[in-house]
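Me: I'd like to learn how to read a few features of a protein model. Could you walk me through them?

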Amino acid sequence: MKKIILLIILALALQGCTAKPETKKTAETVSTEEEQTEVQDINTLDNKGYGWGFKKEIGKKPDIPKETEELLEKYDAFYIDKSGEKVMYITFDEGYEAGYTAQILDTLKEKGVKAAFFITGDYFDREQELVKRMYDEGHIIGNHTEHHPNLHKLGDYKKMQEEFKSLDDKYFAEFGEHMEYMRAPEGEYSERVLAAAKDAGYKTAFWSFAYRDWLRDNVRGKEYAKESVIPYFHDGAVLLLHAVSKDNAEALSDIISEAEKQGFSFKNLDKLCFKENLEDKAGK
């Protein structure tokens, strides 16, 4: 009997020694779980779609509703430089090439102005020489997504992330750097889109000026482009132009010259004053 009891005790002791310890969370598993939670949280955010737009007034900044301003600030999105300085930013959207980007780059180089080019995955694949020239000449190259979809209609964060990541992976493989700015195709966004972009490491770039210049075959001449852009100059302006426009390509030099004549200077987006920059300035 004693022998049996001893065997039972021994078995229990051995079981205790060989039992699997409670699983300990590693940094990797914690990170994965946190990422999953973040994705779930983002996918619960409002996905009502909005088109970025406003009423243009000559010489004035666009009037944006307070709630929209607050939403942009929350997710590191911007449309204007709020520093109050007499400065402007030139940005181009590049969904496809119409033969004018080289001319635009020539003008920017001649004028000593840096711009931002928001490209798609297809543009990167087809126009690698132009993209390399943009990079080599110090321009910012932004993420306009791989396939140029309406992001809020994708709905799911992971689908949005794939659109950002697919293009960024190619860019990183070529230049060893990640893209820092994202522009939503068609200017369509939602709170979920802005949150997904921020979570992926991007600042979302809107604009404070644009005009109907994306129709490649609607050529009206450089004077038309100048008359469409110059009267709307304003402090901190982020200009959206499309590089498929022959009018823009031919008018760009005069537009820059006139802006400088009026006392504006041109900066690239990495110099734009975000809210945190303004707070730092105020504290000094």
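Reply: Happy to; we will take aromatic rings, charges over rings, a helix, strands and a helix pair in turn. Keep in mind that this is a predicted model.

Me: Let's begin with the rings. How many aromatic pairs does the structure hold?

Reply: A pair of aromatic rings is described by the distance of the centres and the angle of the planes. The structure holds 17 such pairs. One of them joins tyrosine 189 and phenylalanine 206, with 5.1 Å from centre to centre and 65° between the planes, which is edge-to-face. Planes over 60 degrees apart count as edge-to-face.

Me: Which parts of the chain does the pair of tyrosine 189 and phenylalanine 206 tie together?

Reply: Tyrosine 189 belongs to strand β7 (residues 188–189), while phenylalanine 206 is in the loop between β8 (203–205) and α10 (222–229), so the contact ties together parts 17 residues apart in sequence.

Me: Are these two residues buried or exposed?

Reply: Tyrosine 189 is buried, at a relative accessible area of 5%, and phenylalanine 206 is buried too, at 1%. Both also belong to a cluster in which ring pairs link Tyr50, Trp52, Phe54, Tyr79, Tyr189, Phe206 and Trp207.

Me: Where do charges sit over rings?

Reply: Lysine 56 lies over the face of tyrosine 232, 4.9 Å from the ring centre. Lysine 86 has its charged end over the ring of phenylalanine 264, at 4.2 Å from the centre.

Me: Now a helix. How many residues of α9 are buried?

Reply: In helix α9 (residues 191–199), seven of the nine residues are buried, so the helix is largely enclosed by the rest of the structure. The buried ones are Glu191, Arg192, Val193, Leu194, Ala195, Ala196 and Ala197. Just after α9 comes glycine 201, with a positive phi of about 95°.

Me: What covers my checklist for a strand such as β5?

Reply: In a regular strand the side chains alternate between the two faces of the sheet. For β5 (residues 140–143), both faces are covered: Ile140 and Gly142 are buried on one side, Ile141 and Asn143 on the other. Its partner β4 (residues 116–119) pairs with β5 in the parallel sense over four bridges, and alanine 116 stands opposite isoleucine 140.

Me: Last one: at what angle do α4 and α6 pack?

Reply: Two packed helices are described by the angle between their axes and the distance between the axes. Helices α4 (residues 101–111) and α6 (residues 128–136) pack at about 15°, with axes 11 Å apart. That makes α4 roughly parallel to α6, and their crossing is left-handed.

Definitions and conventions:
Residues are numbered from 1 along each chain as its sequence is written. This is a predicted model: local features need pLDDT of at least 70, side-chain atom pairs count only at pLDDT 80 or more; totals for chains, interfaces and linings use all residues. Side-chain values use heavy atoms; hydrogens and water are left out. Rings of Phe, Tyr and Trp (its six-membered ring) pair if their centres lie within 6.5 Å; planes under 30 degrees apart count as stacked, over 60 as edge-to-face and the rest as tilted. Helices (H or I, at least four residues) and strands (E, at least two) are DSSP runs, numbered from the N terminus. Buried means under 20% relative accessible area, exposed over 50%, partly exposed in between (1.4 Å probe, protein chains only). A charge sits over a ring if NZ of Lys or CZ of Arg is within 6 Å of the ring centre and within 35 degrees of the ring normal. Two strands pair if DSSP finds at least two bridges between them. Axes are lines fitted to C-alpha atoms, for helices over the stretch in contact, and angles run from 0 to 180 degrees between N-to-C directions. Angles under 35 degrees count as roughly parallel, over 145 as roughly antiparallel, 65 to 115 as roughly perpendicular and the rest as oblique. A crossing is left-handed if the near helix is turned anticlockwise from the far one by less than a right angle, and right-handed if clockwise.
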